[in-house]
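Subject: Structure handover

Hello,

Here is the structure you asked about. Please open it next to this email and follow along.

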Amino acid sequence: MLKVGVLGAGHLGKIHLRLLNESSKYELIGFYDPDVMNGEKVATEFGYSYFENMKALMDTVDVVDIVTPTLSHYECAKKAMEKGRHVFIEKPITNTLEEAQELMALEKKFNVKGQVGHVERFNPAFTAVKEKIKDPMFIETHRLAEFNPRGTDVPVVLDLMIHDIDAILSVVDSKVSQINASGVSVISHSPDIANARIEFENGCVANLTASRISLKNMRKSRFFQRDAYISVDFLEKKVEVVKMKDAPKTPGQFDMILQNAEGEKKQIYFENPEIQANNAILDELETFADAINSDSVPIVTLQQGTQALQVALQVIECF
């Protein structure tokens, strides 16, 4: 079991604390939160050990789980890496691209491992179909949320859209060639609604919409590729896979057949991948433990987290 300490005991930090405490792959040593009143309250309520000093916590663990506001990710991760600690960092990896690039250099210098908390990579609906998404040429995503003051310290692109940016980059094997975007501030001092069109060198186009002032929650992505349409509902954890193949010479009574202008006939059929129920946050934390113990590459590397941040910042620059 890896000894782990958590930095940050806010809403998400408390979830991480509970899951790490239950995990068979970690031994939760304790947590640090700069708000002493909150730290003592969480310690009293849940029984976790509260450290009033970040350094003292880092001295006693193998892994540091950083669940602090984005502005402090870099400093926390830097201090942990310099002590030779592995780091799990909530998304986005850092506040600036320069900070993210320096963390990648520190990871290499101190021979430690890092993983970024892009939790949708572990969503069971996405993992059920990820291998079926091959050379998508058009992608459409909608990530809409009801208003919540938590998270409004950063633009909606870094708060919500970056989830979809990371997922898209994980399935499109091509470099970004052009980005066009627009964003509107409605209630916050940073954009609350944003739309981005990301074009890739291989011709793929992704159209992303994110809002944190919607009347209902939605987290859907649609992938269109040659002979297939794949829909992923990250919120309801459901998928639709519609595929096409050459039609049989003598179709059955209930076969769905389409014929194009050239006279080619295709049969439409549906696949229903099995979706394994899971706790995505627990999975991302435990696969990181596996990567450390087996000296393998984490599922969401610091480099991938940096690439997602880079694209997100390019989107924001368009506003």
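Below are notes on the core and the aromatic rings.

This is a predicted model, in which local features need pLDDT of at least 70, side-chain atom pairs count only at pLDDT 80 or more, and totals for chains, interfaces and linings use all residues. Residues are numbered from 1 along each chain as its sequence is written, and side-chain values use heavy atoms, with hydrogens and water left out.

Start with the core. A nonpolar core is a set of buried Ala, Val, Leu, Ile, Met, Phe, Trp, Tyr and Cys residues joined through side-chain atoms within 4.5 Å. Buried means under 20% relative accessible area (1.4 Å probe, protein chains only). The largest such core has 89 residues. L7, Y26, F31, M161 and V232 have the most contacts inside it. Helix α7 (residues 156-171) gives the most, with 10 residues; helices are DSSP runs of H or I, at least four residues long, and strands are runs of E, at least two, numbered from the N terminus.

Now the rings. Rings of Phe, Tyr and Trp (its six-membered ring) pair if their centres lie within 6.5 Å. There are six aromatic pairs. The ring centres of F126 and F234 are 5.8 Å apart with planes at 35 degrees, so this pair is tilted (stacked is under 30 degrees, edge-to-face over 60, tilted the rest). F126 lies in helix α6 (residues 124-129) and F234 in the loop between β12 (228-233) and β13 (238-246), so the pair ties together parts 108 residues apart in sequence. Both F126 and F234 are buried. Elsewhere, ring pairs link F138, F224 and Y229 into a cluster.

Best wishes

Technical notes. Buried < 20%, exposed > 50% of the residue type's maximum accessible area, 1.4 Å probe, protein only.
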